[in-house]
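Subject: Structure handover

Hello,

Here is the structure for you to look through. My notes follow below it.

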Amino acid sequence: TNGVSRRVSIQGGVHISTRIQFDEAAARGVEAMYKTPDIVAQRSRVLDVLGLQPGESVLDVGVGPGLLTFDMARIVGADGLCAGLDVSEAMIAMTKQRCAELPSVDIRVGDSTSLPFDDATFDAVVSTQVYEYVAEIDLALREVARVLRPGGRVVILDTDWEAVASRRPTIACARDESSTPG
């Protein structure tokens, strides 16, 4: 197994949620990928678009390894709040460790379809690479609207991995066996 498991919940024969769980090794693999130049640049762009200010409150839905959460917590500072959740306990542990020295960080195990926060709590909500795995997307988006303050900002980023994979160059290798001795 690759350390990633998919949990599907069935209630009354209706598909209600798909969850991705990571063990520690898989979480470290995701962390390594999220430190590559392309993803670092993508994270920087998300921060620019989000436009956080010191003292604001922000929610990261699906914290993953916590790199974005860490950056946002540094921006909003001690007078702000950076909250985050993830369904994966391995990702939560990694994020809590990464953000341990930062003030005003609240990291929880949770699901995007039932955000454990009061109405109108956040100035901004961000989610990267999460909603592609959420079966009940309408419910998850209603939850974002519920916890967002009036006039708040939302940034959602999901990557079409098939499109990314199809843009990779094809490399053909050939070996000239006519010059091989014997």
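Is Glu-143 buried or exposed? Glu-143 is buried, with a relative accessible area of 12%. Here buried means under 20% relative accessible area, exposed means over 50%, and partly exposed is in between, with a 1.4 Å probe and protein chains only.

Before the rest, some notes on the source. This is a predicted model, in which local features need pLDDT of at least 70 and side-chain atom pairs count only at pLDDT 80 or more, while totals for chains, interfaces and linings use all residues. Residues are numbered from 1 along each chain as its sequence is written, and side-chain values use heavy atoms, with hydrogens and water left out.

The whole chain

The protein chain has six helices and seven strands. These elements are DSSP runs numbered from the N terminus: helices are H or I with at least four residues, and strands are E with at least two. Along the sequence, their order is β-β-α-α-β-α-β-α-β-β-α-β-α. Of the 182 residues in the protein chain, 40% are buried. The accessible surface of the chain comes to about 10400 Å², and carbon and sulfur atoms hold 51% of that surface. Accessible areas come from the Shrake-Rupley method with a 1.4 Å probe, and for residues only the protein chains shown count as cover. Among contacts with a separation of 6 or more, 67% are between residues 24 or more positions apart; a contact means heavy atoms within 4.5 Å.

Helix 5 and its surroundings

The buried residues of helix 5 are Ala-140, Glu-143, Val-144 and Val-147. Seen down the helix axis, these residues fall within an arc of 100 degrees, so they line one face of helix 5. The arc is taken from the directions that run from the helix axis to the C-beta atoms. The buried residues pack against strand 3 (57-61), strand 6 and strand 7. On the other side of the helix, Asp-138, Arg-142 and Ala-145 are exposed.

Ile-137, Leu-141, Val-154 and Ile-156 make a nonpolar surface patch of about 280 Å². Helix 5 and strand 7 (148-157) each supply at least two residues of this patch. Patches are made of residues with over 30% relative accessible area and no salt bridge; like charges are joined within 9 Å, and nonpolar side chains (Val, Leu, Ile, Met, Phe, Trp, Tyr) within 5 Å.

Salt bridges

Side chains of opposite charge can pair when their charged atoms come close. A salt bridge is counted when a side-chain nitrogen of Lys or Arg is within 4 Å of a carboxyl oxygen of Asp or Glu. The structure holds five salt bridges, including the ones described here.

Arg-153 pairs with Glu-56, and their closest N and O atoms are 2.8 Å apart. Arg-153 lies in strand 7 and Glu-56 in the loop between helix 2 (37-50) and strand 3, so this pair ties together parts that are 97 residues apart in sequence. Arg-153 is partly exposed at 25% relative accessible area, whereas Glu-56 is buried at 14%.

Arg-149 forms a salt bridge with Asp-123, with 3.1 Å between the closest N and O atoms. This pair links distant parts of the chain, since Arg-149 is in strand 7 and Asp-123 in strand 6, 26 residues apart. Arg-149 is partly exposed at 33%, and Asp-123 is buried at 16%.

Glu-143 forms a salt bridge with Arg-146, their closest N and O atoms being 2.9 Å apart. Both residues lie in helix 5, three residues apart, which is about one turn of the helix. Arg-146 is partly exposed, with a relative accessible area of 25%. A network of salt bridges links Asp-119, Glu-143 and Arg-146.

Backbone angles

Ala-120 is not a glycine, but has a positive phi of about 50 degrees. Ala-120 sits in the loop between strand 5 (105-109) and strand 6 (122-128), and is partly exposed at 34% relative accessibility. Gln-129, also a residue other than glycine, has a positive phi near 60 degrees. Gln-129 is in the loop between strand 6 and helix 5 (137-147) and is buried, with a relative accessible area of 10%.

Regards
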